Amino acid sequence: MKLKLVFDTNIYIGAVVTKDAHLARFVEKHKLYDIYCSIAILAELSDKLLSTFKWDPADVAYYLQAITSKTIMVYPSKKLSGIVSDDDDHKILECALEAKAELIITADSGLLKLKDYGGIKIAHPSMLKYWF
C-alpha cells in the first residue's frame with residue numbers, strides 16, 4: 001500500500017518558483033506514493049502564483065493541470081478552525097483528514113509546530129531525504 005501524502009501550498013511553490021530540484025523530483029516521483037489535494041489548496045496556489053509571483057494565467061493553468069494529473073482530489077467535508085494561528089493553514093489539515101493521509105509535507109512553521117494532527121505526521125521537506 002502506498003503512503004498517503006498531502007503537500008502544503010508552499011511545497012508546490014518551492015518546486016517551481018525556487019527551482020528546488022529535490023522538491024521537483026519528489027513531486028515527479030508521485031507514483032511511489034499517493035498525493036492528495038483539494039480545490040482549496042489549488043485555489044491558494046493559483047492566487048499566490050498570480051499575485052505574488054506574477055505568473056501568466058496560462059502558465060498557472062498549465063501547472064494546476066499538471067498537479068491534478070498527479071494527485072487524488074478530495075473534497076473535505078469538515079471545516080476546521082482554531083487549531084493553528086493562520087486560518088489559511090486549516091485547508092491543509094482538512095485535506096489530510098479527508099484523505100486519511102499519513103504525512104503532511106510543509107515548510108510552514110505553524111503547521112510544523114503541531115508535529116502531528118489526528119495521527120497524521122507533519123514534516124519539513126528537508127526530511128524527505130530520509131524517507132524517499
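Biologist: Let me start with one residue. Where is Lys78 found?

Modeller: Lys78 is in the loop between β3 and α5. Keep in mind that this is a predicted model.

Biologist: Is Lys78 buried or exposed?

Modeller: Look at relative accessibility. Exposed means over 50%. Lys78 has 54%, so Lys78 counts as exposed.

Biologist: Which distances does sequence separation hide? Take Lys78 and Leu97: how many Å apart are they in space?

Modeller: Their C-alpha atoms are 8.6 Å apart, although 19 residues separate them in sequence. Ser126 and Ile105 give another case. They are 21 residues apart along the chain, with 9.4 Å between their C-alpha atoms.

Biologist: Where is Ser126 found?

Modeller: Ser126 sits in the loop between β6 (120–123) and α7 (128–131). Its relative accessibility is 37%, so Ser126 counts as partly exposed. The side chains of Ser126 and His124 are joined by a polar contact of 3.0 Å.

Biologist: Now a helix. Why is α5 largely enclosed by the rest of the structure?

Modeller: Count its buried residues. Helix α5 covers residues 90–99, and eight of the ten are buried, so the rest of the structure largely encloses α5. Among the buried residues are His90, Ile92, Leu93 and Cys95. Lys91 and Glu94 are on that list too.

Biologist: How do I describe two packed helices?

Modeller: Use the angle between their axes and the distance between the axes. Here, take α3 (residues 39–51) and α5. Their axes come within 9 Å and cross at roughly 145°. The crossing of α3 past α5 is left-handed.

Biologist: Which residues make the contact?

Modeller: From α3 come Ala40, Ile41 and Glu44. From α5 come Lys91, Ile92 and Cys95. By class, the contact of α3 with α5 has four nonpolar residues, two charged and no polar ones.

Biologist: What is the closest cysteine sulfur to that of Cys95?

Modeller: The closest one is in Cys37, and the distance is 5.9 Å. A disulfide needs the sulfur atoms within 2.5 Å. The sulfur of Cys95 is therefore too far from that of Cys37 for a bond. Cys37 is buried, with a relative accessible area of 0%. Cys95 is buried as well, with a value of 0%.

Biologist: Which residues is Thr71 in contact with, leaving aside neighbours within four places in sequence?

Modeller: Thr71 touches Tyr12, Ile35 and Cys37. Thr71 lies in the loop between α4 (57–70) and β3 (72–73). Thr71 has 12% relative accessibility and counts as buried. The side chain of Thr71 also reaches the backbone oxygen of Ile67 at 3.0 Å.

Biologist: What about backbone angles? Is the phi of Lys100 positive or negative?

Modeller: Lys100 has a positive phi of about 55°, although it is not a glycine. Lys100 follows α5, in the loop between α5 and β4 (103–105). At 62% relative accessibility, Lys100 counts as exposed.

Biologist: Where does Lys54 lie?

Modeller: Lys54 lies in the loop between α3 and α4. Its phi is near 55°, a positive value in a residue other than glycine. Lys54 has 64% relative accessibility and counts as exposed.

Key. Residues are numbered from 1 along each chain as its sequence is written. This is a predicted model: local features need pLDDT of at least 70, side-chain atom pairs count only at pLDDT 80 or more; totals for chains, interfaces and linings use all residues. Side-chain values use heavy atoms; hydrogens and water are left out. Buried means under 20% relative accessible area, exposed over 50%, partly exposed in between (1.4 Å probe, protein chains only). Helices (H or I, at least four residues) and strands (E, at least two) are DSSP runs, numbered from the N terminus. A polar contact is a pair of N or O atoms within 3.5 Å; within protein, one must be able to donate a hydrogen and the other to accept it, and residues adjacent in sequence count only if both atoms are side-chain atoms. Axes are lines fitted to C-alpha atoms, for helices over the stretch in contact, and angles run from 0 to 180 degrees between N-to-C directions. A crossing is left-handed if the near helix is turned anticlockwise from the far one by less than a right angle, and right-handed if clockwise. Contact means heavy atoms within 4.5 Å. Ala, Val, Leu, Ile, Met, Phe, Trp, Tyr, Cys and Pro count as nonpolar, Asp, Glu, Lys and Arg as charged, and the others, Gly among them, as polar.
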